[in-house]
Amino acid sequence: MSTGCCNKTVPSNNEDIKDAVRKAYADVAVKNSAGEVAGNPLSCCGAPKETDVNYSKTLGYSEEEIGSILDGANMGLGCGNPTAIAALKSGETVVDLGSGGGFDCFLAARKVGASGRVIGVDMTPEMINKSRKNAMKNGLDKIAEFRLGEIEYLPVADGIVDVIISNCVLNLSTNKNQVYRESFRALKSGGRLAISDVVATTEMPEAIRKDLELYNNCMAGATPIKDLKEGLTAAGFVDIRVIVNEQSRQFIEKWSYDKGAENYVASASIEARKP
């Protein structure tokens, strides 16, 4: 099972990379909505026909969280549970970078309540359409809204956000430092990042870094932890904390088509604060 880019090399042009990612996730959205398996269902760029409860538990979601949202939003596209580390409070404004089908947005919406606000941002029209329908189905459309846009250029005003969450999306960006800067701009003073993402724990071989299948599946574009911390610091963030989940290598092994990417990358929780 693949995302349709087997044996292809990561393009040298950033726009071409972005286009390949957009097409891969559009395919996931369309096939999942049609009740079909999309790509590798045990990866961040594939989805089963319906929610895989056991896999979702592996990513860090509780059975209560999984069962609280109607099928169609939780496609198993993440590598963790950012809402578990976000310490969300009633009335807060949350932005989700790369919101997909809306699952994390809906969990966040239940935590911030009717006095809060959740904004999901995704660059794939098919995902935006899907998440908006899911919001209606779950009765959360008054709290959670979804905007078409790129996480490098957030369609969000300056200084209005309390918390930015994201789940296995930053690694797909071709300009991660710009994402950090945009996140800093959108956050209020004292606002915080609560992100689950794949990071590089050691230098990757060129064969992995240049594999488009592994890029779309959230591995080849992973940032080294040192670079991640330096980028967040340069953007202005403080209290930066990156905690690697070594057990995640077990499910990443299933993402990587026996190419050994799990030896070089792992899921991590990433937290930081805007002074």
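1. Contact, as used in this note, means heavy atoms within 4.5 Å. With its neighbours within four places in sequence left aside, Ser90 is in contact with Lys111, Val112 and Ser115. The C-alpha atoms of Ser90 and Lys111 are 6.2 Å apart in space, although the two residues are 21 apart in sequence. Ser90 belongs to the loop between α3 and β1, where helices (H or I, at least four residues) and strands (E, at least two) are DSSP runs, numbered from the N terminus. Ser90 is exposed at a relative accessible area of 58%; buried means under 20% relative accessible area, exposed over 50%, and partly exposed in between (1.4 Å probe, protein chains only).

2. The model is predicted: local features need pLDDT of at least 70 and side-chain atom pairs count only at pLDDT 80 or more, while totals for chains, interfaces and linings use all residues. Residues are numbered from 1 along each chain as its sequence is written, and side-chain values use heavy atoms, with hydrogens and water left out.

3. Along the principal axes, the C-alpha atoms fill a box of roughly 50 × 45 × 35 Å. The protein holds 10 helices and eight strands.

4. Among contacts between residues at least 6 apart in sequence, 74% join residues at least 24 apart. The accessible surface comes to about 11,300 Å², and 48% of this surface belongs to carbon and sulfur atoms. These areas come from the Shrake-Rupley method with a 1.4 Å probe; for residues, only the protein chains shown count as cover.

5. On charge, the mean positions of the 32 positive and 36 negative charges lie 4 Å apart. Lys and Arg count as positive and Asp and Glu as negative, whereas His and the chain ends are not counted. Each charge is placed at NZ of Lys, CZ of Arg, CG of Asp or CD of Glu.

6. Helix α9 spans residues 225–235, and its residues Leu228, Gly231, Leu232 and Ala235 are buried. They cover an arc of only 95° around the axis, which puts them on the same side of α9; the arc is that of the directions from the helix axis to the C-beta atoms. Exposed residues Lys226 and Ala234 sit on the face turned away from the buried side. The cover over the buried residues of α9 includes α6 (176–186), β5 (187–200), β6 (223–224), β7 (238–245) and β8 (265–273). Just after α9, Gly236 adopts a positive phi of about 115°.

7. Ser183 has its place in helix α6, one of the elements that cover the buried residues of α9. Ser183 is buried, with a relative accessible area of 2%. Residues up to four places away in sequence not being counted, Ser183 touches Leu97, Leu154, Ile164, Leu193 and Phe237.

8. In helix α10 (residues 248–255), the buried residues are Ser248, Arg249, Phe251, Ile252 and Trp255. Seen down the axis of α10, they fall within an arc of 165°, so they line one face of the helix. The face turned away from that buried side carries the exposed residues Gln250 and Lys254. The packing partners of the buried residues of α10 are α2 (53–59), β5, β7 and β8.

9. The loop between α10 and β8 deserves a check of its backbone angles. Most residues other than glycine have a negative phi. Tyr257, in this loop, has a positive phi of about 55° although it is not a glycine. Asp258, also placed in the loop between α10 and β8, has a positive phi of about 60° and is likewise not a glycine. Tyr257 counts as partly exposed at 25% relative accessibility, whereas Asp258 is exposed at a relative accessible area of 78%.

10. Ala84 lies in the loop between α3 (63–68) and β1 (93–97) and, at 53% relative accessibility, counts as exposed. The C-alpha atoms of Ala84 and Gly98 are separated by 17 Å, with the two residues 14 apart along the chain.
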